[in-house]
Amino acid sequence: MAAAPALKHWRTTLERVEKFVSPLYFTDCNLRGRLFGASCPVAVLSSFLTPERLPYQEAVQRDFRPAQVGDSFGPTWWTCWFRVELTIPEAWVGQEVHLCWESDGEGLVWRDGEPVQGLTKEGEKTSYVLTDRLGERDPRSLTLYVEVACNGLLGAGKGSMIAAPDPEKMFQLSRAELAVFHRDVHMLLVDLELLLGIAKGLGKDNQRSFQALYTANQMVNVCDPAQPETFPVAQALASRFFGQHGGESQHTIHATGHCHIDTAWLWPFKETVRKCARSWVTALQLMERNPEFIFACSQAQQLEWVKSRYPGLYSRIQEFACRGQFVPVGGTWVEMDGNLPSGEAMVRQFLQGQNFFLQEFGKMCSEFWLPDTFGYSAQLPQIMHGCGIRRFLTQKLSWNLVNSFPHHTFFWEGLDGSRVLVHFPPGDSYGMQGSVEEVLKTVANNRDKGRANHSAFLFGFGDGGGGPTQTMLDRLKRLSNTDGLPRVQLSSPRQLFSALESDSEQLCTWVGELFLELHNGTYTTHAQIKKGNRECERILHDVELLSSLALARSAQFLYPAAQLQHLWRLLLLNQFHDVVTGSCIQMVAEEAMCHYEDIRSHGNTLLSAAAAALCAGEPGPEGLLIVNTLPWKRIEVMALPKPGGAHSLGLTPSPGDSAQHGLCSCSSPHLTAAPAAPAACVRSARGESCMPWGAGTVLGYFLTTEGPELPCLEQVTDGSVTLDNGIIRVKLDPTGRLTSLVLVASGREAIAEGAVGNQFVLFDDVPLYWDAWDVMDYHLETRKPVLGQAGTLAVGTEGGLRGSAWFLLQISPNSRLSQEVVLDVGCPYVRFHTEVHWHEAHKFLKVEFPARVRSSQATYEIQFGHLQRPTHYNTSWDWARFEVWAHRWMDLSEHGFGLALLNDCKYGASVRGSILSLSLLRAPKAPDATADTGRHEFTYALMPHKGSFQDAGVIQAAYSLNFPLLALPAPSPAPATSWSAFSVSSPAVVLETVKQAESSPQRRSLVLRLYEAHGSHVDCWLHLSLPVQEAILCDLLERPDPAGHLTLRDNRLKLTFSPFQVLSLLLVLQPPPH
């Protein structure tokens, strides 16, 4: 006779079920305690330690020595290889048998020479299935190898996750045995945990909640853990509950397997290669067992690493990609930072990534995938469009400290008006585990209820890898269509976005940047990495430009495509969102600096080779090629080499009369007045100008009486110094601060009355947790001006082509600064060459310039354009931007006048009220305790201007500061006649890139990238002097536009731009004469 129904107390009933599945309590008699049955130790265990990450074939040849459970191994970043010899007991025939393995290091199981599964305790992967069902004829003995890295899933921080790694940390093997696994117990545990989740998640006011709790309670009543024959009855109760379906209007959750792997972060690049193998081989194993399981994987660089290091695994990845289960996403080389890389570098992320995916997997990605980056540039929608992508997934704005972003599904409109569909998984995570709580949060948290009825649910351990587990999959499959919950379907990103697109009429639009209100310190941390990034972007730009000109001019020149691809990929790798941002351990920062050195070294070699090709076969003496790599005329002072290693100053104009690239040479052995154009110039798509000279004398360009006014320098008795070049007049007080900056023509003062510019300020910089990442708003309350000693200002260069003054400044007892303030003839800005010896802890150094300008908006350069941000704190959205990012310039203008602050390697900035502030150095101690310690060199410049910054040439000035004229040795005589390759008729249009086309069959095609920089509609003419056969518009992936053929008239192309539009041209060159 059945037991009479009993009243149930909510809490005791709930806790009764919890204890029945608990891994901590009553495991002697509860269900969890029966998950594994009989067990036995492994037959033989042996190991060896190595500081190297050895290939399998080499490792198995090493000398293994006896080992046992409980052994310790290390230190950090070493590897311990275990040989595991197994003998399965005869009595286990018909049973599922696992190798149970627990260690605090990350493990990878090798079987028959191939990786088969990752073993990571933190990733809930502590057993490897030897056989689903041991057969009568199956071998009883086998040998496995387990490769264990001496680091955890998230590195080896000393005391906390983001602390600097503990170099002496030791790791331990705590379990290594064979055991029988009870799959039926596992499935019951999944059901009971889900029912508990539903009861808790829906709460006491919900009918379905009680149904779930009572079902679970009844399952406990009928299920005897010691008698498996009772399990089917309990299973039937659960199936009846989960078989009750929801209605047609239920929200649909698209569950996609995911495994975010930081390309480097709290571990070095080389460990990431193994993390990829451990994580992806485990995902493939899950795909074999679960044909409906779909796994999304981004970052071409990681796939390329696995292809090189694990070819067998890579072949299987390609096989599962063909089945549609392993889905490449993102389209980029790495998941790069969304703020700091240049526009061209962002294009190259997609160009390298999409081409890799096309070559290796037969198709390009249709969605951009950047879940963990610290903000998103307003030019990303246009760049995505140009690379064949209209869909974007991220979730990082859920980390906003101040304001909750108002949408999870919306259209994002970029700087030029391009729109893409954006989805933020409403669960605000890319590492879900399939719990009911997460499923309910995904629906409840959705800020677009009524507008979007589909959401992404990315499940799997992430950051340090790991990925999904069978338990997660079992949970999600069980929840596929259950009354009281949203529908859950195992799905792909393509299916998700297709569903969102099919019902998108009600979606809202967000215009402009997606600014993350957190991690603002990443614009400044690790200044040397920032400097390397900016320098290497310039070097690769210059190499491509000169090599393109050499290709066009010389039939013998071979464009260094393979070398440039390698160097670009190094730069793109360093633009990963935890490297260029400086939020990585010391080991990664050092590797990044080595990458930059490789780019510098090989880049300079390639520059020399291109220069040699441009000079080949020309008459005249040897000399120097002076190269202007920008698309406009320039007159600048250069330091030119003299015999014995000394330098003299020379004034070098670039060729021509409009925006251009050119090569110029000087070969006259006597001093003369400067000619109107250089003796020999080549003008290129980027405006290169080269000038050689002989015997240590600057030849061809000299200052004449008709030239620009020479700078005059005056030091008065109070120790102050005045510099004046006829364009601007600069007055420095005796400590080097700027007391006056006057635009000479109008007499307009740029520095606020009663204030001083070039004021260094120090702030306390102690964030709440994320040390290298965050600078908090309250740091502004700790401002301390750094005051210098009167009398330290000294005259450097007195007049001539250049005037300068310099001073020393003691920042603190441990840190000091020296600076040369430089004003050149004809230059519209004053430069501040700065050297800092920095030895601080949790301090932030900035430099301030109070402007005699009033405006509610300041302008900041971003990729391929600029945008405005408020200078006030009216709303929480305004004051959350107390520290922002910019590229080469920022500007504060009122009608008719403005002040621009330029820089050569800085990114952190702010304008509050009328004070322009440039962030210079931070001193965080985690995850790199040495971050920013040591010597730094950088330059910033101040440019007052009449009218708008566009008309005044601020954009061109910032380019000129960042792309100095090059002086390259000409091993053979330099060109004797001037030559201009390109010029652009409008100053609003910037010719940003000239390169060889990626897939030119004859390798004789160039790609030009131009953009509208002023924010205007403009028609312009592009003048060409190259032997162009055909000109076609193309996209950013260099695919020709079928309707994009352009008419070449008198060596000119007419181009039409809308505001901030980026255009790419494919120029097919005529065959070289034989």
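Mentor: Please keep in mind that this is a predicted model. We may start with F26, which is located in the loop that runs between α1 (10-20) and β1 (36-41).

Trainee: What makes L24, Y25 and F26 a nonpolar patch?

Mentor: A patch requires residues with over 30% relative accessible area and no salt bridge, with nonpolar side chains joined within 5 Å. L24, Y25 and F26 form such a patch on the surface, and together they have about 380 Å² of accessible area.

Trainee: Why is helix α6 described as largely enclosed by the rest of the structure?

Mentor: Buried means under 20% relative accessible area. In α6, 18 of the 21 residues are buried, so the helix is largely enclosed. As for its length, α6 (residues 269-289) reaches 31 Å from first to last C-alpha, close to the expected 30 Å.

Trainee: Which residues have the most contacts inside the largest nonpolar core?

Mentor: They are F326 and W412, in a core of 275 residues. Beyond its neighbours within four places in sequence, F326 is in contact with residues including W280, L284, M287 and F295. Another core, of 30 residues, lies apart from the largest one and has V146, C150, F171 and L178 among its members.

Trainee: How do you know whether E344 and R1009 are buried or exposed?

Mentor: The cut-off for buried is under 20%. E344 has a relative accessible area of 5% and R1009 one of 0%, so both are buried.

Trainee: What places R802 and D824 in the buried class?

Mentor: R802 has 16% relative accessibility and D824 has 4%, against a limit of under 20%. Their side chains meet in a salt bridge at 2.6 Å, N to O. R802 lies in strand β35 (residues 802-810) and D824 in strand β36 (residues 816-824), so the pair ties together parts 22 residues apart in sequence.

Trainee: How many salt bridges does the rule give?

Mentor: The count comes to 54.

Note on methods:
Residues are numbered from 1 along each chain as its sequence is written. This is a predicted model: local features need pLDDT of at least 70, side-chain atom pairs count only at pLDDT 80 or more; totals for chains, interfaces and linings use all residues. Side-chain values use heavy atoms; hydrogens and water are left out. A nonpolar core is a set of buried Ala, Val, Leu, Ile, Met, Phe, Trp, Tyr and Cys residues joined through side-chain atoms within 4.5 Å. Buried means under 20% relative accessible area, exposed over 50%, partly exposed in between (1.4 Å probe, protein chains only). Contact means heavy atoms within 4.5 Å. Patches are made of residues with over 30% relative accessible area and no salt bridge: like charges are joined within 9 Å, nonpolar side chains (Val, Leu, Ile, Met, Phe, Trp, Tyr) within 5 Å. Accessible areas come from the Shrake-Rupley method with a 1.4 Å probe; for residues, only the protein chains shown count as cover. A salt bridge is a side-chain nitrogen of Lys or Arg within 4 Å of a carboxyl oxygen of Asp or Glu. Helices (H or I, at least four residues) and strands (E, at least two) are DSSP runs, numbered from the N terminus. The expected span of a helix is 1.5 Å times one less than its number of residues.
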